[in-house]
Amino acid sequence: PREYNGEAEAHADSRWDELLSMGYQIYGMADEDAYLIFPATGYIQQIERSVNVVQVPSNSGDANSDSLRAAIVSAISSGRFYASTGLQIEFLEVSELEIDVSAENANIIEVYQDGSLIQRVFSNRLRVQIPEAFKYIRVALQNSETGELAWIQPVFGMRKS
């Protein structure tokens, strides 16, 4: 956990919402600082639960190609990825009118708009209408039994005064 103003916090969701509410258009990445340390041997192993799943065209090239690297950078730069601690999003569609997302192992999905939680459903699928005026809207999915999480990137909208 990180400390922010004297409080321990395992995830930076509230800081992310704070920056998004201030008008910063930033994407969220999954990363970790967790290791298993074996004192007797000095062996250190990274736990490696956090991933960023990037959407690239299937014809972007083989695993070591420059074209695939360029496609990955382009996808990350434009927010075509989601962050996860193990939860796999199976379907995601974002249009001008709605967000439709599902993950088989999710059992809670939350919608945040302009710094506030506006909807929580106890399901593995959510379709939410995008409002007419908003700074941002984002969706977080979780499995309350395993603790796995996933976050889609914010949808940025019209500025509210």
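Predicted model: local features only at pLDDT ≥ 70, side-chain atom pairs only at ≥ 80, totals over all residues.
Residues are numbered from 1 along each chain as its sequence is written, and side-chain values use heavy atoms, with hydrogens and water left out.

**Salt bridges**

Which residue does Asp-100 meet in a salt bridge? The partner is Arg-125, which is partly exposed, with a relative accessible area of 42%. A salt bridge here is a side-chain nitrogen of Lys or Arg within 4 Å of a carboxyl oxygen of Asp or Glu. Asp-100 sits in strand S8 and Arg-125 in strand S11, so to speak two distant parts of the chain, 25 residues apart, get linked. Helices (H or I, at least four residues) and strands (E, at least two) are DSSP runs, numbered from the N terminus. Asp-100 and Arg-125 also belong to a network of salt bridges with Glu-98 and Arg-127.

A search of the whole structure finds eight salt bridges. Here are some of them:

| Pair | N to O distance |
|---|---|
| Asp-13 and Arg-138 | 3.7 Å |
| Asp-17 and Arg-138 | 2.8 Å |
| Asp-100 and Arg-125 | 2.6 Å |

Arg-138 shows up with two partners, Asp-13 and Asp-17. Asp-17 lies in helix H1 and Arg-138 in strand S12, so this pair ties together parts that are 121 residues apart in sequence.

**Helix H1**

Helix H1 covers residues 13–21, and Trp-16, Asp-17 and Leu-20 are buried in it. Why are they on the same side of H1? They cover an arc of only 100° around the axis (taken from the directions from the helix axis to the C-beta atoms), which puts them on the same side. As background, an α-helix has 3.6 residues a turn, so residues three or four places apart point the same way. The buried residues of H1 pack against S9, S12, S13 and strand S14 (155–156). Just after H1, Gly-23 takes a positive phi of about 105°.

**The cores**

A nonpolar core is a set of buried Ala, Val, Leu, Ile, Met, Phe, Trp, Tyr and Cys residues joined through side-chain atoms within 4.5 Å. The largest one has 20 residues, and Ile-89, Val-101 and Leu-141 are among those with the most contacts inside it. Strands giving two or more residues to this core include S8 (98–102) and S12 (136–142). The largest share, three residues, comes from S12. Apart from this core lies another, of nine residues, among them Leu-20 and Ala-83.

Contact means heavy atoms within 4.5 Å. Not counting residues up to four places away in sequence, Ile-89 touches Tyr-82, Val-101, Ser-102, Ala-103, Leu-141, Ala-150 and Ile-152.

Leaving aside neighbours within four places in sequence, Ala-83 is in contact with residues including Gly-28, Val-51 and Leu-149. Ala-83 and Tyr-27 are 56 residues apart in sequence and 9.5 Å apart in space, C-alpha to C-alpha.

Note on methods. Buried < 20%, exposed > 50% of the residue type's maximum accessible area, 1.4 Å probe, protein only.
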